[in-house]
Amino acid sequence: MEEIKNGADALFILLGAIMILGMHAGFAFLELGTVRKKNQVNALVKILADFSVSTIAYFFVGYSVAYGIDFFSGAEVLAAKNGYELVKFFFLLTFAAAIPAIISGGIAERAKFYPQLLATAMLVGLIYPLFEGIAWNQAFGFQAWLKATFSQEFHDFAGSVVVHAVGGWAALPAVLLLGARRGRYMKNGAIASHPPSSIPFLALGAWILAVGWFGFNVMSAQTLDKMNGLVALNSLMAMVGGTLTALLLGKNDPGFVYNGPLAGLVAVCAGSDLMHPLGALVTGAIAGAIFVWMFTMTQNKWKIDDVLGVWPLHGICGAWGGIAAGIFGQEALKGIGGVSFMSQLIGTLTGIIIAFIGSGIVYWGLKKCCGIRLDPEQEFNGADLSIHRISSTYDRDTSW
């Protein structure tokens, strides 16, 4: 029976890892559809290259930083328990690799390629696993202190804060240090529109992400006996809540409509195992409203050129999700309980601080030592031709 359980658990978490791996295609197509045509190839290549660098950084450094585990043993040892520990690494890697995938959307169309890969290695190898270990592995006694002080630990079931808020707040220093795309904001106050190159690809990316999210959330139980359909239904309710508020407040704009479900899903991750479905619906609906309002504010009032709106979507909605778990997870609101609002607030703020400062140091250092932005001519020609020497569409049948 033990062997059957080990095999079932290994398969369960492997399926989750595969679903989240598929989400990276969603990140790619969401960015591909949002950027201009001259930057589409770069969007596709960045996501795959970032995932590969993330794998190396997390395998050799990050996983050990977060959990104190390495893989420098013989294959026979690694294969124990049907290789459960190996597929658990694969599963958690797909979470870690979401950090550069999130950042990629914010810095699109003007970032250098190889400096960004270096940033990926440092963020996935050191910055992200630092907070991951604090939140999910009792590092530095942080969770023990919260429990002693507020009776409950910081709860983040599937990463509203650990993954999304950290990714979004790590993107913000990169976006600010890069500056806006050339020609985006005029000296006279005018704002140039850079409309999405492909609404169908944008929508495809959002759909891929939304489907994969059910592996992201449900399989965060990590073993089959802890799996619960409540997580799936709460994810669904948050998804539709975010969609409907983004539809209404975004005035039918497809960019808002297709980011609305993602905002809801980001927010529900933390408390998806605790909330009543109605609490999840409200959490997602508020997240959809937050995204529409904050994206509009950042782009039009504050003139922060966050191309895909990753700071509002992941950073702000992820932070809301961490706090929402402390509200709608309470028994008074028909949640399961076992959560403290103050622990959620402090844990969320800790994740934000680590992500913002850590990323700021990484990108400031790269900017000083090797530069992080394409030169004006490269940016004008587009990252596809400047970096990859090919465009997403051909102009003639034969090239000599």
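Author: In this predicted model, Asp 273 is buried but forms no salt bridge. The nearest side chain of opposite charge belongs to Lys 226, and it is 10 Å away. Asp 273 does have a polar partner: its side chain and that of His 155 are joined by a polar contact of 2.8 Å. In the chain, Asp 273 sits in the loop between H11 and helix H12 (277-301).

Helix H11 (254-268) also takes part in the lining of the largest cavity. The structure has three cavities of 30 Å³ or more, and the volume of the largest is about 90 Å³. Its lining consists of 15 residues, with Phe 27, Leu 30, Leu 308, Val 310 and His 314 nearest the centre. Besides H11, the helices that each give at least two residues to this lining include H1 (2-34) and H13 (310-328). By class, eleven of the lining residues are nonpolar, three polar and one charged.

The second largest cavity holds about 60 Å³ of space. Helix H6 (113-136) and helix H8 (160-178) each contribute at least two residues to its lining. Among the residues that line this second cavity are Lys 112, Gln 116, Leu 178 and Tyr 363. Sorted by class, its lining has seven nonpolar residues, one polar and one charged.

Terms used
Residues are numbered from 1 along each chain as its sequence is written. This is a predicted model: local features need pLDDT of at least 70, side-chain atom pairs count only at pLDDT 80 or more; totals for chains, interfaces and linings use all residues. Side-chain values use heavy atoms; hydrogens and water are left out. On a 1 Å grid over the protein atoms alone, a cavity is a set of points where a 1.4 Å probe fits but cannot get out, and a pocket is an open set with protein on both sides within 12 Å along at least five of seven lines; lining residues have an atom within 4 Å of a point. Grid points are joined across faces, edges and corners, and a volume is the space filled by probe spheres set on the points. Helices (H or I, at least four residues) and strands (E, at least two) are DSSP runs, numbered from the N terminus. Ala, Val, Leu, Ile, Met, Phe, Trp, Tyr, Cys and Pro count as nonpolar, Asp, Glu, Lys and Arg as charged, and the others, Gly among them, as polar. Buried means under 20% relative accessible area, exposed over 50%, partly exposed in between (1.4 Å probe, protein chains only). Lys and Arg count as positive and Asp and Glu as negative; His and the chain ends are not counted. A salt bridge is a side-chain nitrogen of Lys or Arg within 4 Å of a carboxyl oxygen of Asp or Glu. A polar contact is a pair of N or O atoms within 3.5 Å; within protein, one must be able to donate a hydrogen and the other to accept it, and residues adjacent in sequence count only if both atoms are side-chain atoms.
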